[in-house]
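Open the model in your viewer and keep the sequence panel beside it. This tour goes stop by stop, with something to select at each one.

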Amino acid sequence: MQRKFFQFICICFLALKVQAQRGINNPDSLSYSWYVNGQWDSLINNEKALLTSAGLDYYYLRYRIAEAYFQNGDYLKSAEYFRKASKMNPLDTFALLRLHTSLTIFGRFHEAAVEAKKLRKMGAHPNDYAESQLQSFSTEYGIRFSDSDSVGQIEYKTASISIAPLQRLSILGSYQLINQDYFYGSTMQQVMHAKASWFFNKSWRVFANGNLIEIEFVPLEGITRYFSYQSISGGASKYFGKWHSSLELSYSNFNYSDYFQMNLSTGYFPMRNNRLGIFHELILQNNDGNFSVVSKPSLSYRLNDKFYLGLKSFFGNTTNLVENEGYIVSNSLDITKVKAQIQFDYYASKYLSFFVLGSYESRTEFTLGNAYSLTGFVAGLRLCPGRSIWK
């Protein structure tokens with residue numbers, strides 16, 4: 001008897017739950033009650049039932065559900081709903097402000113900048129975005145030590161600047177000076193790097209890269225030699241919900257050889273607050289008929305609002321041209337097998353951040369075939385008068 005009574009109670013409970021999901025009487029007042037009382041889980045769990053029972057999709061219902069996702073830390077979903085709410089009432093700034101904040105927290109800074117421009121036109125000024133064409137300025141210093149006299153010590157100095165002359169156009173320029181003292185003499189490299197990106201709607205981005213490397217080699221005995229190399233590349237990237245994908249094709253003429261390269265990158269954000277990012281880059285290269293493949297898994301994690309942790313690795317058997325995407329080419333003929341890197345970022349404010357990076361590399365020397373390692377660090381700071389749209 002008790003068992004039958006228990007079964008009856010369970011059937012009634014399931015029936016009531018199914019009925020609640022199928023339809024809700026007076027969804028407007030119920031959703032408003034949950035909203036003002038901060039019952040965010042109730043709004044989220046009954047999302048479909050509220051939208052179905054309302055019969056007519058409208059601004060306030062979308063806003064309340066969006067706010068529930070926002071308060072629960074699901075910024076990807078909240079951005080989706082705040083965008084829908086904003087389209088239903090384009091003159092209202094509340095949903096637009098929340099949309100801007102959700103996109104900023106999730107790391108989609110350019111999309112947030114687009115919404116910020118709309119807000120400024122409407123007389124609202126988001127606190128975390130300053131209107132400035134100068135997006136960021138950064139400086140870096142690094143040094144790497146080798147256990148081989150034939151490689152020696154490598155020192156890096158870098159300065160870069162990014163600007164946004166148009167809302168959808170971003171341009172990055174950098175200058176890097178690399179000095180190396182080793183058994184054969186000394187080498188100085190100047191690396192001029194430029195990158196332009198154009199942003200479309202729905203998270204699409206196309207970009208182009210160019211590098212010019214000027215090298216001055218001073219042997220212990222002999223005449224100074226000068227070399228000049230170039231590389232160009234282009235590609236596209238897009239966000240698909242929790243996923244981010246990009247494709248880049250490049251050509252380089254380093255070491256007087258033709259390098260054709262394809263980079264396939266995928267990123268996944270399992271947590272909708274963008275706290276955790278899992279990435280993998282696959283690099284395919286053809287160097288005068290010699291094919292090589294490189295795997296580059298990496299991980300990023302936001303410890304809190306101030307600290308970020310990044311872990312990167314590299315598995316392959318190819319030249320530094322691939323390892324550094326044609327950007328840094330010290331010992332460019334040497335073969336890199338494994339690389340491990342850890343990086344800490346500290347965001348002191350909305351406009352200032354610092355980072356420290358440590359790395360270890362296992363390589364094989366091109367001339368003698370000897371194995372050696374490089375251990376070093378890089379430190380830098382970044383100023384952002386306006387929110388940087390580089391990510």
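In which strand does serine 136 lie? Select strand E1, residues 134-146, and you will find serine 136 there. Strands (E, at least two residues) and helices (H or I, at least four) are DSSP runs, numbered from the N terminus.

A note before moving on. This is a predicted model, in which local features need pLDDT of at least 70 and side-chain atom pairs count only at pLDDT 80 or more, while totals for chains, interfaces and linings use all residues. Residues are numbered from 1 along each chain as its sequence is written, and side-chain values use heavy atoms, with hydrogens and water left out.

**Stop 1: serine 136**

Stay on serine 136. Its relative accessible area is 5%, so serine 136 is buried. Buried means under 20% relative accessible area, exposed over 50%, and partly exposed in between (1.4 Å probe, protein chains only).

**Stop 2: strand E8**

Select residues 259-268, strand E8, and pick out glutamine 261. Glutamine 261 counts as buried because its relative accessibility is 8%. Its side chain reaches that of asparagine 263 in a polar contact of 2.9 Å.

Color the two faces of E8. Tyr259, Gln261, Asn263, Ser265 and Gly267 make the covered face. Phe260, Met262, Leu264, Thr266 and Tyr268 make the uncovered one. In a regular strand, side chains alternate between the two faces of the sheet.

Next, show the neighbors. Strand E7 (residues 243-252) pairs with E8 in the antiparallel sense over 10 bridges. Two strands pair if DSSP finds at least two bridges between them. Look for leucine 247 opposite leucine 264 of E8. Strand E9 (residues 276-287) also runs antiparallel to E8, joined by 10 bridges. There, phenylalanine 260 stands opposite asparagine 286 of E9.

**Stop 3**

Select strand E12 (residues 335-347) and strand E13 (residues 352-364), an antiparallel pair with 12 bridges. A hairpin of four residues links E12 to E13. Glutamine 343 has leucine 357 of E13 as its bridge partner.

Glycine 358 is bridged to phenylalanine 377 in E14. Between E13 and E14 lies a hairpin of six residues, and glycine 369 in the turn has a positive phi of about 75 degrees.

**Stop 4: the second largest pocket**

Where do you look for the centre of this pocket? Select Arg83, Lys87, Glu111, Glu115 and Lys202, the closest to the centre among its 31 lining residues. A pocket is an open set of points on a 1 Å grid over the protein atoms alone, where a 1.4 Å probe fits, with protein on both sides within 12 Å along at least five of seven lines; lining residues have an atom within 4 Å of a point.

Helix H6 (75-88) gives the most to this lining, with eight residues. Helix H7 (94-106), helix H8 (109-121) and strand E6 (225-240) each supply at least two.

How values were computed: A polar contact is a pair of N or O atoms within 3.5 Å; within protein, one must be able to donate a hydrogen and the other to accept it, and residues adjacent in sequence count only if both atoms are side-chain atoms.
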